[in-house]
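Here is a note for a colleague who is opening this structure now. Please read the points in order with the model on screen.

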Amino acid sequence: MAIFKAKTWPWAHRHTNGTFNYKNLYNNTFGYTDTSNEANAGAATAVLAATAGATTVTTVTSGLTDPDVPRALSVTPGGTAADILDSHVTITGTNVEGKTISEKFNTAAGDTTIINGNLAFRTVTQVVIGQQGSTGATFSVGTTNKLGVNNRLYTSNTTVKVYSRATPYGALTLQGAPTVVTSDTIERNLVTPATTPDNTTAYIIAYAFDNWSDGTTLNDVPEYSTTTSTSSTSSSTSTTTITTSTSSTSSSISTSSTSSTSSSISTSSTSTSTTTTP
């Protein structure tokens, strides 16, 4: 399994800097997601092969394959177009934290256009196909090239870089700018690499958040952002956990020196830092 821990990983590091009197002038946070294994290209039947609907609701719990890496899914209506009704397909599984999530894909009568999702699934446990006109309507569940990450990304002042490698611990190649979606809900954070996954490269998705104080948050104790959210929309229902990080701080104060002929006082400063390895 590419990303093998069912949890939100801690940030790789957080640093807060300032002066002796104003501790929080600037802070920087860095994190990353390593797919470890090569990521497959998105495929329309990667999770569930074309499965017939019915005139009643159809629940599928077997024949399901988990995504190779946490990523957004897709639903492809097919078969006899006239049998496809205005309905929906609901996918249930888990996110990178191991929490249960569901996403609803609305289908339109007679429409066989692929429907792309917006939540990153680590596993898929159930697919429910809504009522259709007949068994001639089929539905497959696949994967997209929108990859999930192990951290909640900040909405602003965030830089995301994607590196790829062809062999374990091999040379890294910096990809072009990815397409990034940020959210307080972990499974809604998605990164689409500029180079399409093709089962030949693994990815390291690195992200850094830079924040300068606006002059109003200058407390002596550094303040680190934590996220708590629960969201529910018409197209999906997701649950997130509260992640709270407590860090230790260290400070240093330079001393002043004097002599009989001259005196000098050095400018005092403090720096606090914490380092956590996932």
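1. Start at D66. This residue sits in the loop between β4 (58-60) and β5 (71-79). Strands (E, at least two residues) and helices (H or I, at least four) are DSSP runs, numbered from the N terminus. The model is predicted: local features need pLDDT of at least 70, side-chain atom pairs count only at pLDDT 80 or more, and totals for chains, interfaces and linings use all residues. Residues are numbered from 1 along each chain as its sequence is written, and side-chain values use heavy atoms, with hydrogens and water left out.

2. The cut-offs are under 20% relative accessible area for buried and over 50% for exposed, with partly exposed in between (1.4 Å probe, protein chains only).

3. Which residues does D66 touch, not counting those up to four places away in sequence? They are R122, T123 and V124. A contact means heavy atoms within 4.5 Å. The C-alpha atoms of D66 and T123 are 4.8 Å apart, although 57 residues separate the two along the chain. The D66 side chain also reaches the backbone nitrogen of V124 at 3.0 Å.

4. Leaving aside neighbours within four places in sequence, V124 is in contact with V47, L64, D66, P67, L73, I91, T92 and G93. The largest nonpolar core has 20 residues, and I91, V124, V127 and V141 touch the most other members. The elements giving two or more residues to this core are β5, β6 (87-94), β7 (100-107), β8 (115-121), β9 (123-129) and β10 (137-148). Another core, of 11 residues, lies apart from it; V69, L147, V162 and Y203 are among them. A nonpolar core is a set of buried Ala, Val, Leu, Ile, Met, Phe, Trp, Tyr and Cys residues joined through side-chain atoms within 4.5 Å. In soluble globular proteins, nonpolar side chains tend to be buried together.

5. Next, the aromatic pairs. How many does a search of the whole structure find? It finds 2. Rings of Phe, Tyr and Trp (its six-membered ring) pair if their centres lie within 6.5 Å; planes under 30 degrees apart count as stacked, over 60 as edge-to-face and the rest as tilted. Y26 and W212 form a tilted pair, 4.6 Å centre to centre with 45 degrees between the planes. Y26 is in strand β2 (residues 26-34) and W212 in strand β15 (residues 202-212), 186 residues apart. W212 counts as exposed because its relative accessibility is 63%.

6. Y154 and F209 form a stacked pair, 3.9 Å centre to centre with 15 degrees between the planes. Y154 lies in the loop between β10 and β11 (158-165) and F209 in strand β15, so the pair ties together parts 55 residues apart in sequence. Y154 is buried, at 16% relative accessible area. F209 is buried too, at 10%.

7. Now the whole chain. There are 0 helices and 20 strands. Of the 278 residues, 44% are buried. Among contacts with a separation of 6 or more, 76% join residues 24 or more positions apart.

8. Last, the start of the chain. Strand β1 (residues 13-19) pairs with β2 in the antiparallel sense over 5 bridges. Two strands pair if DSSP finds at least two bridges between them. A hairpin of 6 residues joins β1 to β2. H15 has N28 in β2 as its bridge partner.

Methods:
Polar contact = N/O pair within 3.5 Å; in protein donor to acceptor, adjacent residues only side chain to side chain.
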